[in-house]
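Please open the model in your viewer and keep the selection panel at hand. The tour moves from one selection to the next and says what is found at each stop.

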Amino acid sequence: MGKSILKMKQLPFMIVVCTVMLFVVYRTLKYQYYQEEIDKKWSILEEDRPYPDTSGNLKGLPRGIIQDTSDLEFRPLWSPSNLRSKASVYSHRNLLAIPVGMKQKHNVDAMVQKFLPENFTIILFHYDANLDGWWDLKWSSKAIHIIAQNQTKWWFAKRFLHPDIVSIYDYIFLWDEDLGVEHFSPSRYIEIVKEEGLEISQPALDPDSTEIHHRITVRARTKKVHRRVYELRGNTRCSESSKGPPCTGFVEGMAPVFSRSAWDCTWHLIQNDLVHGWGVDMKIGYCAQGDRTKNVGVVDREYVVHKGIQTLGGSGDETVKIFNRRRPTPRHGASAFDERVEIRRQSTWELQVFEDRWKRAITEDLSWVNPFNSDKKRRRHRNKNNRFSS
(Lines give C-alpha, C1' and ligand atoms only; values in the text may rest on other atoms or scores of the structure.)
Protein backbone atom coordinates (compact mmCIF):
# COMPACT_ATOMS: atom_id res chain seq x y z
CA MET A 1 0.00 0.00 0.00
CA GLY A 2 2.89 2.39 0.84
CA LYS A 3 4.62 1.65 -2.47
CA SER A 4 1.44 2.49 -4.40
CA ILE A 5 1.12 5.85 -2.64
CA LEU A 6 4.81 6.61 -3.40
CA LYS A 7 4.28 5.83 -7.08
CA MET A 8 1.20 8.03 -7.12
CA LYS A 9 3.24 10.93 -5.71
CA GLN A 10 6.07 10.42 -8.25
CA LEU A 11 3.69 10.36 -11.23
CA PRO A 12 3.19 14.17 -11.54
CA PHE A 13 6.95 14.70 -11.33
CA MET A 14 7.56 12.17 -14.09
CA ILE A 15 4.93 13.84 -16.25
CA VAL A 16 6.66 17.22 -15.83
CA VAL A 17 10.07 15.74 -16.68
CA CYS A 18 8.71 14.01 -19.79
CA THR A 19 6.94 17.20 -20.89
CA VAL A 20 10.15 19.22 -20.55
CA MET A 21 12.12 16.61 -22.49
CA LEU A 22 9.55 16.52 -25.26
CA PHE A 23 9.63 20.32 -25.46
CA VAL A 24 13.45 20.32 -25.72
CA VAL A 25 13.36 17.67 -28.46
CA TYR A 26 10.68 19.62 -30.32
CA ARG A 27 12.66 22.89 -30.21
CA THR A 28 15.83 21.10 -31.28
CA LEU A 29 14.14 19.48 -34.28
CA LYS A 30 12.48 22.78 -35.19
CA TYR A 31 15.82 24.61 -35.07
CA GLN A 32 17.49 21.93 -37.22
CA TYR A 33 14.66 22.21 -39.75
CA TYR A 34 14.99 25.99 -39.78
CA GLN A 35 18.75 25.77 -40.39
CA GLU A 36 18.25 23.24 -43.19
CA GLU A 37 15.77 25.58 -44.88
CA ILE A 38 18.25 28.46 -44.67
CA ASP A 39 21.01 26.26 -46.11
CA LYS A 40 18.70 25.26 -48.97
CA LYS A 41 17.90 28.89 -49.74
CA TRP A 42 21.58 29.82 -49.75
CA SER A 43 22.44 26.89 -52.00
CA ILE A 44 19.69 27.91 -54.42
CA LEU A 45 20.99 31.49 -54.44
CA GLU A 46 24.52 30.24 -55.05
CA GLU A 47 23.32 28.07 -57.93
CA ASP A 48 21.36 30.90 -59.49
CA ARG A 49 24.05 33.53 -58.99
CA PRO A 50 25.55 34.48 -62.35
CA TYR A 51 29.24 34.74 -63.02
CA PRO A 52 30.74 38.16 -62.35
CA ASP A 53 31.38 40.43 -65.33
CA THR A 54 34.85 38.94 -65.70
CA SER A 55 33.43 35.40 -66.03
CA GLY A 56 35.53 34.81 -69.13
CA ASN A 57 38.63 34.87 -66.93
CA LEU A 58 37.05 32.52 -64.38
CA LYS A 59 36.06 29.60 -66.57
CA GLY A 60 38.70 27.44 -64.96
CA LEU A 61 36.92 27.67 -61.57
CA PRO A 62 33.78 25.84 -60.39
CA ARG A 63 31.08 28.44 -59.85
CA GLY A 64 30.52 27.67 -56.18
CA ILE A 65 34.10 28.55 -55.20
CA ILE A 66 34.05 32.08 -56.66
CA GLN A 67 34.11 34.93 -54.13
CA ASP A 68 33.88 38.29 -55.86
CA THR A 69 33.95 40.53 -52.76
CA SER A 70 36.29 41.10 -49.84
CA ASP A 71 36.39 43.18 -46.63
CA LEU A 72 38.75 44.92 -44.22
CA GLU A 73 38.10 42.69 -41.20
CA PHE A 74 40.87 40.95 -39.29
CA ARG A 75 41.04 37.15 -39.30
CA PRO A 76 42.68 35.21 -36.44
CA LEU A 77 45.68 33.02 -37.13
CA TRP A 78 44.00 30.36 -34.99
CA SER A 79 40.65 29.89 -33.24
CA PRO A 80 38.91 27.31 -31.00
CA SER A 81 37.90 24.19 -32.91
CA ASN A 82 34.19 24.77 -32.25
CA LEU A 83 34.39 28.13 -34.08
CA ARG A 84 36.40 27.08 -37.12
CA SER A 85 33.45 25.84 -39.14
CA LYS A 86 31.26 28.86 -38.42
CA ALA A 87 31.17 31.53 -41.10
CA SER A 88 31.56 35.13 -39.98
CA VAL A 89 28.35 37.13 -40.23
CA TYR A 90 28.51 40.92 -40.30
CA SER A 91 25.54 43.14 -39.70
CA HIS A 92 25.30 46.90 -39.45
CA ARG A 93 29.02 47.50 -39.63
CA ASN A 94 30.46 50.85 -40.72
CA LEU A 95 33.86 52.11 -41.81
CA LEU A 96 35.87 55.18 -40.78
CA ALA A 97 38.85 56.00 -43.00
CA ILE A 98 41.17 58.91 -42.15
CA PRO A 99 44.41 60.20 -43.69
CA VAL A 100 46.71 60.84 -40.71
CA GLY A 101 50.04 62.33 -39.74
CA MET A 102 51.81 62.55 -36.39
CA LYS A 103 51.00 66.25 -36.08
CA GLN A 104 47.30 65.39 -35.62
CA LYS A 105 47.80 62.26 -33.49
CA HIS A 106 45.99 63.67 -30.44
CA ASN A 107 42.98 64.73 -32.49
CA VAL A 108 42.81 61.42 -34.36
CA ASP A 109 42.95 59.57 -31.05
CA ALA A 110 39.86 61.48 -29.86
CA MET A 111 38.06 60.69 -33.12
CA VAL A 112 38.81 56.97 -33.10
CA GLN A 113 37.79 56.61 -29.44
CA LYS A 114 34.35 57.95 -30.46
CA PHE A 115 33.95 55.55 -33.38
CA LEU A 116 35.58 52.28 -32.33
CA PRO A 117 33.01 51.32 -29.63
CA GLU A 118 30.18 51.95 -32.14
CA ASN A 119 30.95 48.88 -34.29
CA PHE A 120 33.20 50.75 -36.71
CA THR A 121 36.17 49.37 -38.59
CA ILE A 122 39.03 51.91 -38.51
CA ILE A 123 41.53 52.39 -41.32
CA LEU A 124 44.31 54.95 -41.09
CA PHE A 125 46.11 56.23 -44.18
CA HIS A 126 49.58 57.35 -43.03
CA TYR A 127 50.71 60.04 -45.44
CA ASP A 128 53.85 60.88 -43.43
CA ALA A 129 55.14 57.26 -43.35
CA ASN A 130 55.33 57.37 -39.53
CA LEU A 131 53.65 54.27 -38.15
CA ASP A 132 55.79 53.51 -35.08
CA GLY A 133 54.55 56.65 -33.31
CA TRP A 134 51.01 55.23 -33.08
CA TRP A 135 51.62 51.95 -31.28
CA ASP A 136 51.36 53.49 -27.82
CA LEU A 137 47.62 54.04 -28.36
CA LYS A 138 45.58 51.14 -26.94
CA TRP A 139 43.32 50.87 -30.01
CA SER A 140 46.12 51.01 -32.57
CA SER A 141 46.36 47.23 -32.98
CA LYS A 142 42.63 47.15 -33.79
CA ALA A 143 43.02 49.58 -36.70
CA ILE A 144 44.24 48.88 -40.21
CA HIS A 145 47.30 50.94 -41.12
CA ILE A 146 48.32 51.77 -44.70
CA ILE A 147 51.46 53.78 -45.44
CA ALA A 148 52.14 55.84 -48.56
CA GLN A 149 54.25 58.94 -48.11
CA ASN A 150 52.82 62.32 -49.18
CA GLN A 151 49.63 60.92 -50.74
CA THR A 152 46.15 62.42 -50.41
CA LYS A 153 42.89 61.08 -49.03
CA TRP A 154 41.44 60.57 -52.50
CA TRP A 155 44.57 58.73 -53.66
CA PHE A 156 44.20 56.29 -50.76
CA ALA A 157 40.43 55.92 -51.22
CA LYS A 158 40.71 55.12 -54.92
CA ARG A 159 43.28 52.41 -54.29
CA PHE A 160 42.15 50.79 -51.03
CA LEU A 161 38.38 51.35 -50.75
CA HIS A 162 37.13 49.59 -53.85
CA PRO A 163 33.35 48.97 -53.63
CA ASP A 164 33.85 45.19 -53.67
CA ILE A 165 36.16 45.46 -50.65
CA VAL A 166 33.90 47.72 -48.56
CA SER A 167 30.62 46.08 -49.59
CA ILE A 168 29.89 44.72 -46.10
CA TYR A 169 29.78 48.23 -44.59
CA ASP A 170 26.51 50.13 -44.41
CA TYR A 171 28.19 53.55 -44.32
CA ILE A 172 31.66 54.76 -45.27
CA PHE A 173 32.98 57.81 -43.38
CA LEU A 174 35.85 59.34 -45.38
CA TRP A 175 36.99 62.08 -43.01
CA ASP A 176 39.91 64.48 -42.64
CA GLU A 177 42.05 64.33 -39.51
CA ASP A 178 41.38 67.87 -38.25
CA LEU A 179 37.77 67.46 -37.09
CA GLY A 180 36.68 67.99 -33.50
CA VAL A 181 34.09 65.42 -32.41
CA GLU A 182 33.18 66.66 -28.92
CA HIS A 183 29.56 67.19 -30.03
CA PHE A 184 29.30 64.13 -32.28
CA SER A 185 27.87 60.63 -31.73
CA PRO A 186 28.41 58.14 -34.59
CA SER A 187 25.43 55.96 -33.62
CA ARG A 188 22.99 58.88 -33.33
CA TYR A 189 24.30 60.26 -36.61
CA ILE A 190 23.58 57.00 -38.43
CA GLU A 191 20.09 56.85 -36.90
CA ILE A 192 19.34 60.32 -38.31
CA VAL A 193 20.78 59.47 -41.73
CA LYS A 194 18.58 56.38 -41.93
CA GLU A 195 15.47 58.23 -40.75
CA GLU A 196 16.02 60.97 -43.32
CA GLY A 197 16.95 58.65 -46.17
CA LEU A 198 20.29 60.35 -46.83
CA GLU A 199 22.57 58.48 -49.21
CA ILE A 200 25.31 61.13 -48.99
CA SER A 201 25.70 63.36 -45.96
CA GLN A 202 28.06 65.18 -43.65
CA PRO A 203 27.85 66.50 -40.09
CA ALA A 204 27.26 70.24 -39.91
CA LEU A 205 30.18 72.47 -39.01
CA ASP A 206 30.17 74.46 -35.80
CA PRO A 207 29.87 78.16 -36.76
CA ASP A 208 33.02 78.79 -34.70
CA SER A 209 35.07 76.45 -36.91
CA THR A 210 38.38 77.87 -38.06
CA GLU A 211 37.70 77.11 -41.71
CA ILE A 212 34.32 77.19 -43.49
CA HIS A 213 34.13 77.31 -47.29
CA HIS A 214 30.41 76.91 -48.04
CA ARG A 215 27.50 78.30 -46.08
CA ILE A 216 25.42 75.16 -46.59
CA THR A 217 27.81 73.26 -44.30
CA VAL A 218 27.24 75.58 -41.30
CA ARG A 219 25.10 74.17 -38.49
CA ALA A 220 21.49 75.32 -38.24
CA ARG A 221 20.90 75.20 -34.48
CA THR A 222 17.13 74.65 -34.63
CA LYS A 223 17.12 71.84 -37.21
CA LYS A 224 17.89 68.14 -37.25
CA VAL A 225 18.93 68.12 -40.91
CA HIS A 226 19.02 70.67 -43.72
CA ARG A 227 19.28 70.01 -47.45
CA ARG A 228 19.61 73.52 -48.88
CA VAL A 229 20.73 77.01 -47.96
CA TYR A 230 19.30 80.42 -48.83
CA GLU A 231 21.82 83.14 -49.65
CA LEU A 232 21.21 86.21 -51.81
CA ARG A 233 24.44 88.02 -51.07
CA GLY A 234 27.81 87.66 -52.76
CA ASN A 235 28.61 85.69 -55.91
CA THR A 236 26.58 82.60 -54.97
CA ARG A 237 22.82 83.20 -55.09
CA CYS A 238 20.85 80.44 -53.39
CA SER A 239 17.05 80.48 -53.40
CA GLU A 240 14.15 78.04 -53.45
CA SER A 241 14.63 77.69 -57.21
CA SER A 242 18.27 76.55 -56.83
CA LYS A 243 18.62 72.94 -57.99
CA GLY A 244 22.28 72.15 -57.43
CA PRO A 245 25.57 72.77 -55.58
CA PRO A 246 26.57 74.63 -53.53
CA CYS A 247 22.98 75.60 -52.67
CA THR A 248 21.54 72.08 -52.44
CA GLY A 249 22.56 68.48 -53.14
CA PHE A 250 26.03 69.21 -51.80
CA VAL A 251 28.45 68.10 -49.10
CA GLU A 252 32.07 69.16 -48.79
CA GLY A 253 35.06 66.89 -49.10
CA MET A 254 36.37 67.15 -45.54
CA ALA A 255 33.75 64.93 -43.83
CA PRO A 256 31.54 63.07 -46.34
CA VAL A 257 29.52 60.00 -45.36
CA PHE A 258 28.34 57.57 -48.05
CA SER A 259 25.85 54.74 -48.11
CA ARG A 260 27.12 51.54 -49.71
CA SER A 261 25.41 52.29 -53.03
CA ALA A 262 26.46 55.92 -53.07
CA TRP A 263 30.09 54.98 -52.45
CA ASP A 264 30.01 52.46 -55.31
CA CYS A 265 29.08 55.34 -57.62
CA THR A 266 31.45 57.87 -56.02
CA TRP A 267 34.45 55.55 -56.26
CA HIS A 268 33.93 55.39 -60.01
CA LEU A 269 33.65 59.18 -60.15
CA ILE A 270 37.04 59.68 -58.45
CA GLN A 271 39.72 60.09 -61.13
CA ASN A 272 42.71 57.84 -60.57
CA ASP A 273 45.31 60.45 -61.50
CA LEU A 274 43.66 63.58 -60.05
CA VAL A 275 44.64 63.00 -56.44
CA HIS A 276 43.43 66.22 -54.79
CA GLY A 277 39.80 65.51 -55.66
CA TRP A 278 38.89 69.12 -56.46
CA GLY A 279 35.57 69.26 -58.27
CA VAL A 280 34.33 65.87 -57.08
CA ASP A 281 32.14 67.41 -54.35
CA MET A 282 30.30 69.49 -56.97
CA LYS A 283 29.39 66.34 -58.92
CA ILE A 284 28.83 64.01 -55.98
CA GLY A 285 25.07 64.57 -56.08
CA TYR A 286 24.93 62.47 -59.25
CA CYS A 287 25.70 59.51 -56.98
CA ALA A 288 22.79 60.21 -54.59
CA GLN A 289 20.79 57.26 -55.95
CA GLY A 290 17.94 59.58 -56.88
CA ASP A 291 17.02 63.19 -56.27
CA ARG A 292 20.06 64.95 -54.81
CA THR A 293 17.89 67.66 -53.27
CA LYS A 294 16.37 64.93 -51.06
CA ASN A 295 19.06 62.27 -50.72
CA VAL A 296 21.97 64.59 -49.88
CA GLY A 297 21.96 66.57 -46.65
CA VAL A 298 23.83 68.13 -43.75
CA VAL A 299 23.09 66.75 -40.26
CA ASP A 300 22.73 69.57 -37.71
CA ARG A 301 21.91 67.48 -34.65
CA GLU A 302 25.36 65.87 -34.70
CA TYR A 303 28.02 68.39 -35.65
CA VAL A 304 31.81 68.75 -35.72
CA VAL A 305 34.41 71.50 -35.53
CA HIS A 306 36.59 71.98 -38.60
CA LYS A 307 39.96 73.09 -37.29
CA GLY A 308 41.38 73.79 -40.75
CA ILE A 309 44.94 72.67 -39.95
CA GLN A 310 47.03 72.19 -43.10
CA THR A 311 49.42 69.27 -42.64
CA LEU A 312 50.14 67.52 -45.95
CA GLY A 313 52.70 69.84 -47.51
CA GLY A 314 52.45 72.26 -44.58
CA SER A 315 55.38 73.82 -42.78
CA GLY A 316 54.82 71.68 -39.68
CA ASP A 317 54.99 68.37 -41.54
CA GLU A 318 58.11 66.39 -40.68
CA THR A 319 58.23 64.75 -44.10
CA VAL A 320 58.31 68.17 -45.71
CA LYS A 321 61.16 69.28 -43.45
CA ILE A 322 63.14 66.23 -44.54
CA PHE A 323 62.20 66.95 -48.14
CA ASN A 324 63.46 70.53 -47.76
CA ARG A 325 66.82 69.35 -46.37
CA ARG A 326 67.30 67.17 -49.43
CA ARG A 327 66.28 69.95 -51.85
CA PRO A 328 69.20 72.09 -53.10
CA THR A 329 69.36 75.61 -51.67
CA PRO A 330 67.90 78.11 -54.18
CA ARG A 331 70.46 80.18 -56.05
CA HIS A 332 70.80 83.85 -55.13
CA GLY A 333 67.84 85.73 -56.55
CA ALA A 334 65.75 82.57 -57.13
CA SER A 335 62.41 82.33 -55.37
CA ALA A 336 62.14 79.84 -52.49
CA PHE A 337 60.05 76.70 -53.03
CA ASP A 338 56.71 76.79 -51.17
CA GLU A 339 54.97 73.40 -50.89
CA ARG A 340 51.56 74.86 -50.07
CA VAL A 341 51.66 77.18 -53.08
CA GLU A 342 52.67 74.33 -55.39
CA ILE A 343 49.96 72.06 -53.97
CA ARG A 344 47.35 74.74 -54.60
CA ARG A 345 48.57 75.20 -58.17
CA GLN A 346 48.39 71.45 -58.72
CA SER A 347 44.87 71.33 -57.22
CA THR A 348 43.68 74.17 -59.45
CA TRP A 349 45.11 72.50 -62.54
CA GLU A 350 43.47 69.18 -61.58
CA LEU A 351 40.13 70.93 -61.13
CA GLN A 352 40.30 72.24 -64.69
CA VAL A 353 41.22 68.81 -66.01
CA PHE A 354 38.30 67.24 -64.12
CA GLU A 355 35.82 69.79 -65.49
CA ASP A 356 37.12 69.24 -69.04
CA ARG A 357 36.71 65.47 -68.66
CA TRP A 358 33.16 65.90 -67.36
CA LYS A 359 32.19 68.06 -70.32
CA ARG A 360 33.82 65.68 -72.79
CA ALA A 361 32.11 62.67 -71.20
CA ILE A 362 28.71 64.34 -71.56
CA THR A 363 29.42 65.16 -75.21
CA GLU A 364 30.58 61.65 -76.07
CA ASP A 365 27.85 59.71 -74.21
CA LEU A 366 24.80 60.32 -76.40
CA SER A 367 22.62 58.04 -74.28
CA TRP A 368 23.24 59.97 -71.03
CA VAL A 369 20.51 62.37 -69.90
CA ASN A 370 21.16 64.77 -67.05
CA PRO A 371 18.70 63.68 -64.33
CA PHE A 372 18.67 67.15 -62.80
CA ASN A 373 17.69 69.14 -65.89
CA SER A 374 14.09 70.28 -66.19
CA ASP A 375 11.70 67.92 -68.02
CA LYS A 376 11.65 70.24 -71.04
CA LYS A 377 15.45 70.27 -71.26
CA ARG A 378 15.60 66.50 -70.82
CA ARG A 379 13.13 65.93 -73.65
CA ARG A 380 15.04 68.34 -75.87
CA HIS A 381 18.32 66.59 -75.07
CA ARG A 382 16.77 63.16 -75.76
CA ASN A 383 15.32 64.29 -79.09
CA LYS A 384 18.68 65.80 -80.07
CA ASN A 385 20.46 62.51 -79.33
CA ASN A 386 17.84 60.56 -81.27
CA ARG A 387 18.50 62.73 -84.31
CA PHE A 388 22.23 62.07 -84.07
CA SER A 389 21.79 58.31 -83.64
CA SER A 390 19.27 57.89 -86.48
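Begin by selecting Phe173, which, leaving aside neighbours within four places in sequence, is in contact (heavy atoms within 4.5 Å) with Leu95, Leu96, Ala97, Phe115, Phe120, Phe184, Tyr189, Ile190, Pro256 and Val257. The model is a predicted one, in which local features need pLDDT of at least 70 and side-chain atom pairs count only at pLDDT 80 or more, while totals for chains, interfaces and linings use all residues. Residues are numbered from 1 along each chain as its sequence is written, and side-chain values use heavy atoms, with hydrogens and water left out.

Now show the cysteines: the whole structure holds two disulfides, each a pair of cysteine sulfur atoms within 2.5 Å. Cys238 and Cys247 form one of them, with sulfur atoms 2.0 Å apart; the link is left-handed, at -75 degrees about the S-S bond, and both of these residues are buried. The other joins Cys265 to Cys287, S to S 2.0 Å, and is left-handed because its torsion about the S-S bond is about -65 degrees. This pair links distant parts of the chain, 22 residues apart, from Cys265 in helix α6 (residues 260–269) to Cys287 in the loop between α7 and α8 (292–295). Cys265 counts as partly exposed at 27% relative accessibility, whereas Cys287 is buried at 2%.

Finally, turn to the largest pocket, with about 1200 Å³ of space. Of the 38 residues that line this pocket, Asp176, His213, His276, Trp278 and Gln310 are the closest to its centre. Helix α10 gives the most to the lining, with seven residues. A pocket here is an open set of points on a 1 Å grid over the protein atoms alone, where a 1.4 Å probe fits, with protein on both sides within 12 Å along at least five of seven lines; lining residues have an atom within 4 Å of a point.

Conventions
Points joined across faces, edges and corners; volume = space filled by probe spheres on them. Helix = DSSP H or I, 4+ residues; strand = E, 2+ residues; numbered from the N terminus. Buried < 20%, exposed > 50% of the residue type's maximum accessible area, 1.4 Å probe, protein only.
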